[in-house]
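Hi,

Here is the structure I said I'd pass along.

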Amino acid sequence: MGGTQGIRVWDVPTRAFHWLLVVLVGFSWWSAENREMEWHALSGLTVLGLIVFRLVWGFIGGSTSRFSSFVRSPATVIDYMRGSAGPTRPGHNPLGGYSVLALIGVLALQVGTGLFATDVDGLDSGPLSFLVSFDAGRAAAEVHEVAFNLLMALVVLHVAAIFFYLYVRRRNLLRPMVTGRDAALAGVDEPLRTAPLWRLALAVALAGGLAWWVSTGLGL
């Protein structure tokens, strides 16, 4: 059983991904606002690696990190919102699962367009901007800005949901992402099933390798 501290719900790689992403999104904004474009590019490439890692980890990672554990049918989400989705399970709830997909999708759009973006004078451009025309690069830059606004909107909703669960449903969603344990599930006998280290090494290698390859302009 879980004990008074609850059961383990998040593995270390998932928690590290979450908090690194929080730091890097903030740093990316700061570096862009202060025209520190070399740092901005490095931050964006690191976020790209994190996205790739999360996608891979969503298939081979710990039980609660896998997409199959939290991506439910729309009917299940509706039942959850009506309060009839059954007992609480470890990991993301049915609605939270879709928020994760939305965040990853917008982040992918944000980073992807940044790779091809070209500024007005053509000096600060993404590592893959040479593959597209100037007009296409400028269009990518505009979408890059719009995607950031969408990302900020999702972040606000994400934070609002955390406060809603904390003060209305009396459940702390932030602490488990820090400690890995959920006290609200102290009586649930369904602990996290962690993935072997070789899978973590594979996910990190794929993510780091792809980010490095993109940084070189795909070796072209």
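A quick convention before anything else: contact means heavy atoms within 4.5 Å. With that in hand, and leaving aside its neighbours within four places in sequence, Leu 21 is in contact with Val 47, Leu 50 and Leu 107.

Some housekeeping. This is a predicted model, where local features need pLDDT of at least 70 and side-chain atom pairs count only at pLDDT 80 or more, while totals for chains, interfaces and linings use all residues. Residues are numbered from 1 along each chain as its sequence is written, and side-chain values use heavy atoms, with hydrogens and water left out.

The overall picture

The protein chain has eight helices and two strands, in the order β-α-α-α-α-α-α-α-β-α along the sequence. Those are DSSP runs numbered from the N terminus, with helices being H or I of at least four residues and strands being E of at least two. The C-alpha trace spans about 60 × 35 × 30 Å along its principal axes. Of the contacts in the chain with a separation of 6 or more, 69% are between residues 24 or more positions apart.

Of the 220 residues, 38% count as buried; that means under 20% relative accessible area, with exposed being over 50% and partly exposed in between (1.4 Å probe, protein chains only).

The cores

A nonpolar core here is a set of buried Ala, Val, Leu, Ile, Met, Phe, Trp, Tyr and Cys residues joined through side-chain atoms within 4.5 Å. The largest one has 29 residues, and Leu 21, Val 47, Leu 48 and Leu 107 touch the most other members. At least two residues each come from helix 1 (12-33), helix 2 (37-60), helix 3 (67-70), helix 5 (94-116) and helix 8 (197-215). Helix 2 gives the largest share, 10 residues. Another core lies apart from it and has five residues, among them Ile 7, Val 9, Met 177 and Leu 185.

Aromatics

For rings of Phe, Tyr and Trp (its six-membered ring), a pair needs centres within 6.5 Å; planes under 30 degrees apart count as stacked, over 60 as edge-to-face and the rest as tilted. By that rule there are seven aromatic pairs. In one of them, the rings of Phe 53 and Trp 57 have centres 5.5 Å apart and planes at 15°, so they are stacked. Phe 53 and Trp 57 are four residues apart in helix 2, so about one helical turn separates them. Both Phe 53 and Trp 57 are buried. There is also an aromatic cluster formed by Phe 27, Trp 30 and Trp 39.

A few single residues

Is Gln 110 buried or exposed? Gln 110 is buried, at a relative accessible area of 11%. This residue sits in helix 5 and, neighbours within four places in sequence aside, is in contact with His 144, Ala 147 and Phe 148.

Asn 149, in helix 6 (residues 134-167), is exposed, with a relative accessible area of 52%. From Asn 149 to Val 100 is 49 residues in sequence and 17 Å in space, C-alpha to C-alpha.

Ser 215 belongs to helix 8 and is partly exposed, at 36% relative accessible area. The C-alpha atoms of Ser 215 and Leu 42 are separated by 8.6 Å, although the two residues are 173 residues apart along the chain. Leaving aside neighbours within four places in sequence, Ser 215 is in contact with Leu 45 and Pro 127.

Cheers
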